[in-house]
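Please examine the sequence and the structure shown below.

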Amino acid sequence: MDKNEIAAFIKEQLSDDIILAALPIGTLSAYAGHIFWPNKDNLSSHNIDDESYERGVKNAQTLAKKGWLKADGTAISPFDPQIGDLNLILQFGWGGQSPPATYFRLPDLQGVFVRGVCALNSTKDPDAHERIPLYPGGNFGYAPGSYQEDGFGKHLHATALHHDQPWGRHGGSAQSIVGTTSASFPLQNSGSTGGKETRSRNVYVNWIIKASNKPIILEDLKFFTEDIQNGEL
């Protein structure tokens, strides 16, 4: 290498080091490409072609070299030297087992929206005290990693009633019934409509987490077994 090539190499390495250290460990970010763990993700479970799967593995390895991991709830040893600093930050807030400290989970943002942590009794999240752990051992209530099922706020629907008897009729209004004869009306269900969930328009991305300020070798990470990964303790 001549001196120009050496200078370019040093500049590139310095830039990578600056990028690695620019964001704090524990930062979450969206990523627009496929990400698959090598030797862990099952191709058949993702319904994609071989080329996309291989690209996803390469993406995961490239991201890991910059200190990023896929935020998919993977269980990892808290004693893994490559991501010890991440464990100190997350503790077991996203799920884990301690004591004994056998594993902790990366955040799992698959299929969910994120919501900022609110202060105690904040009106922005009136049901925050009912938030539960996403995985066993995780945080609940007003803490990162706590989980909240879907739901909608209380509301009413006015229903028009109809009666064709001579004493009167009622229709189009929930205010009064014409006539003096009393009658009871059986409850009626409205027609079913809608899909399997209530949601806003959305697009898919992979979420990643800054796990280290040094390159991570994915093949050396200490993963745990699938029964723990699936929450079957």
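**Aromatic pairs and sheet**

The structure holds two aromatic pairs, a pair being rings of Phe, Tyr and Trp (its six-membered ring) whose centres lie within 6.5 Å, with planes under 30 degrees apart counted as stacked, over 60 as edge-to-face and the rest as tilted. The model is predicted: local features need pLDDT of at least 70 and side-chain atom pairs count only at pLDDT 80 or more, whereas totals for chains, interfaces and linings use all residues. Residues are numbered from 1 along each chain as its sequence is written, and side-chain values use heavy atoms, with hydrogens and water left out.

In one of these pairs, the ring centres of Trp37 and Phe223 lie 5.1 Å apart and the planes stand at 85°, so the arrangement is edge-to-face. The pair links distant parts of the chain, 186 residues apart. Trp37 belongs to the loop between strand S1 (28-31) and helix H2 (50-65), and Phe223 to the loop between strand S8 (206-210) and helix H4 (226-229). Helices (H or I, at least four residues) and strands (E, at least two) are DSSP runs, numbered from the N terminus. Trp37 has 2% relative accessibility and therefore counts as buried, while Phe223, at 26%, is partly exposed; buried means under 20% relative accessible area, exposed over 50%, and partly exposed in between (1.4 Å probe, protein chains only).

Strands S1 and S8 also meet in an open sheet of three strands, ordered S1-S8-S2, with antiparallel pairing; two strands pair if DSSP finds at least two bridges between them. Strands of a sheet pair through backbone hydrogen bonds, either parallel or antiparallel. S1 and strand S2 (68-70) each have a single partner strand and stand at the edges, so one side of each lacks a neighbour in the sheet. The antiparallel pairing of S1 with S8 extends over four bridges, and Ala30 stands opposite Trp207 in S8.

The secondary structure of the protein comprises four helices and eight strands, and from the N terminus the order of elements is α-β-α-β-β-α-β-β-β-β-β-α. Of the 233 residues in the protein, 31% are buried. Among contacts (heavy atoms within 4.5 Å) with a separation of 6 or more, 68% join residues 24 or more positions apart. The accessible surface comes to about 16400 Å², of which 53% belongs to carbon and sulfur atoms; accessible areas come from the Shrake-Rupley method with a 1.4 Å probe, and for residues only the protein chains shown count as cover.
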